Amino acid sequence: MKVPALVAALALFCAGPTVAQTPVKIGMITTLTTPGGYLGEDVRDAFRLAIDEEGGKLGGVPVQLIVEDDNLKPANGKQIADKMLQQDKVKLVTGLIFSNVAGAVAPTVLEAGAFYISPNAGPSNFAGKDCHKNYFVASWQNDSLHESAGQAAANLGYKRMVILAPNYQAGKDALTGFKRYFKGEVLEEIYTKLDQTDFSAELARIRALKPDAVYQFHPGGQGITFVKQYVQAGLIGSTPMVVSEVSMEPRILGAVGDAAVGINVTGHWNNDFANPASQAFVKAFTTRYNRAPTPYAQQGYDTAKLIGSALKAVGGDLAKEDAFRAALRKADFVSTRGSFRFGSNQHPIQDWYAFRSRPAPTASRRSPPRARC
Amino acid sequence: MLLFLEQLLNGLQYGVMLFLLAAGLTLVFGIMGVINLAHGSLFMVGAYAAAAVAGHTGSFALAALAALAAAGGAGLAVEFLVIRRLYDRDHLDQVLATFGLLLFFNELVATLAGRTPLFMQPPAWLGGAVEIIPGVPYPTFRLAILATGVAVAAGLAFLIARTRLGMLIRAGATHRAIVGALGVDIRLLFTLVFALGALLAGLAGLMAAPILAVQVGMGEQILIATFVVVVIGGLGSVRGAFVGALLVGLVDTLARAFVPGLLKQVFAPTTADALGAGLASAAIYLLMALVLVFRPRGLLPA
């Protein structure tokens, strides 16, 4: 028990004159296990990249990142949040991937008077009736994913569509969001099971209905399974598919392979964006981690930059709550997605893009196709 | 009518896929009395080995060898290191230990292969589609799954009914102590049966890799349906597993295919969609409940 005491004394001695140099603690509660684990992994790795690029600082302020895995369970997330807030005295939390975990964690963080800045999950209730002065979203409001896909389908001239999503709240929100902007006829809404591995029954229904196109929301592994089976059933040639970026990012593209060519994707960012911030980020991320960044990685990176901009404004002193909040609202950082500002509900106002996947330019047998503008 | 035929075929194919997994699970339970929650992990190991080898060599045959070797090897190691200590313990201990194994395998695979789902495609000669029903191109690979499952069922039936090993398996299931007293090495028999179950799980993994997401945790998703199959068929009965698997495959597929449409004849579309999705999801559990009411030991108890 002597060692910690010694270290603490040393730290006191060294830190004496410059108290402000104590690192600001940032709590990151994210999903690192379960099939959705690679989402949190990308957010965490990109966030770390941003910190390391500044030599352990964000916005010139030394930071300490505390990462914990929520295991995709709301109860776990809440428990970690309590520990971070009470034991570690964290005043700034980020990292949540899934909306159901966010629903349990964000209120805990906010009630304790801390800040929560989301790098991914953006459930609609927090953008409206449950909004909070200390709650920011650096990614998107969930509905945007599906609304943009609805708009894209309308722009592509599709009139009769079949739309599918898993039978849970986010799936229902997805189809509702899609229909808000798609003005054509929805021939059928198909709800799949959350743990479903075989989609042949749904694919046969699609074939029989002969729609102009299909919209489907199956994030992560289920999306891979769905697209593989869609292609093998020979539907991709006759019935185009429209999805949002969560259903078709670089990791999913890699797992689906060339079969994904021709799929229409809507998103807020893609790793071929030409702005210098994005190019520098993609290069740094790819060099360090040896894989292409997903939109999740981009969101993690932007979240870190956003936090950095606000830390800089208050010199790392989170006790200046009002000034910190005001600085966050300004969003005074160079976003890798181009233009970025907050609406009055502290969710981003940003452009959405339509992409189409095409074969990878290098003719390597195993290289996956890449989404392009 | 054509649509109904197609959905029947889909249901049979899904059922056969479930049978590949359920056969191993039910064998291990029937002969050794072990509830093996890590069976899905062996399925995952098979799928990962297949996808990794296919990715590096492009050869489906090598991938098949790798899947069987990896799952079989993992099965042997698990039997030797863990399961062997569980034969005389009660089911709760077995569930705890094998659940631990399941978590261990998930982390092991994530560490070795990363969390990015792997890519695998069917071999070129099975990659197309055939019009076995006019106007409906059916993926050849799914027919290959169907054929594999039927072949495995026939092979198992032969093994259990006609061979010396099968005789010992049957005897071991019902009169374990006597078989041991007659000088049969019961430990070796158990190891063989467990390895056979692991091989079948690896085979299922190989056949699933081209049509499913090859990812950490893929075993648990399908394990639940597999347990339903085993319970419906009768714990420990391979014949029961075959019948149960086909029933579950058909009921699940046909419910998802037709229940929402049928409900629309009666209810408003929004109600029908919500109710239909719920009913379709619950169909196999309703089936299980019904079977348990009328045949508490399953359809074809061992």
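Biologist: How much area do domain 1 of chain A and domain 2 of chain A bury between them?

Modeller: The size of an interface is often given as the accessible area lost when the parts come together. Here, buried area is the accessible area (1.4 Å probe) that two parts lose on being put together, summed over both. Domain 1 and domain 2 of chain A bury about 950 Å² between them, with 59% of it on carbon and sulfur atoms. Please note that this is a predicted model, in which local features need pLDDT of at least 70 and side-chain atom pairs count only at pLDDT 80 or more, while totals for chains, interfaces and linings use all residues. Residues are numbered from 1 along each chain as its sequence is written, chains are lettered from A and ligands numbered from 1 in the order in which they are written, and side-chain values use heavy atoms, with hydrogens and water left out.

Biologist: Where do the two domains of chain A lie in its sequence?

Modeller: Domain bounds come from an automatic or database domain assignment. For chain A it gives domain 1 as 2-140 + 275-342 and domain 2 as 143-267 + 354-372. Their C-alpha centres lie 31 Å apart. Contact, meaning heavy atoms within 4.5 Å, takes 12 residues from domain 1 of chain A and 10 residues from domain 2 of chain A.

Biologist: How many salt bridges link domain 1 and domain 2 of chain A?

Modeller: A salt bridge is a side-chain nitrogen of Lys or Arg within 4 Å of a carboxyl oxygen of Asp or Glu. By that rule, 2 salt bridges are found across the interface of domain 1 and domain 2 of chain A. On the side of domain 1 that touches domain 2, α2 (37-53) and α12 (295-314) of chain A each supply at least two residues. Helices (H or I, at least four residues) and strands (E, at least two) are DSSP runs, numbered from the N terminus.

Biologist: How many helices and strands does chain A have, and how many does chain B have?

Modeller: Chain A comes to 13 helices and 15 strands, whereas chain B has 11 helices and 2 strands. The radius of gyration, taken over C-alpha atoms, can be set against the globule rule of 2.2 Å times the number of residues to the power 0.38. For chain B it is 20 Å, close to the 19 Å that the rule gives for 302 residues, so chain B is as compact as a globular protein of that length. For the 373 residues of chain A, a compact globule would have a value near 21 Å, and the 22 Å of chain A agrees.

Biologist: How many residues of chain B are in contact with chain A?

Modeller: On the chain B side 43 residues are in contact, and they meet 38 residues of chain A. The two chains bury about 3500 Å² between them, 50% of it on carbon and sulfur atoms. Within chain B, the residues B:Arg115, B:Phe119 and B:Arg256 lose the most area to chain A, together 20% of what that side buries.

Biologist: Which residue of chain A meets B:Arg256 in a salt bridge?

Modeller: The partner is A:Glu202, whose side chain meets that of B:Arg256 at 2.6 Å, N to O. The count between chain B and chain A is 5 salt bridges. Elements giving two or more residues to this side of chain B include α1 (2-32), β2 (136-139) and α10 (238-264) of chain B.
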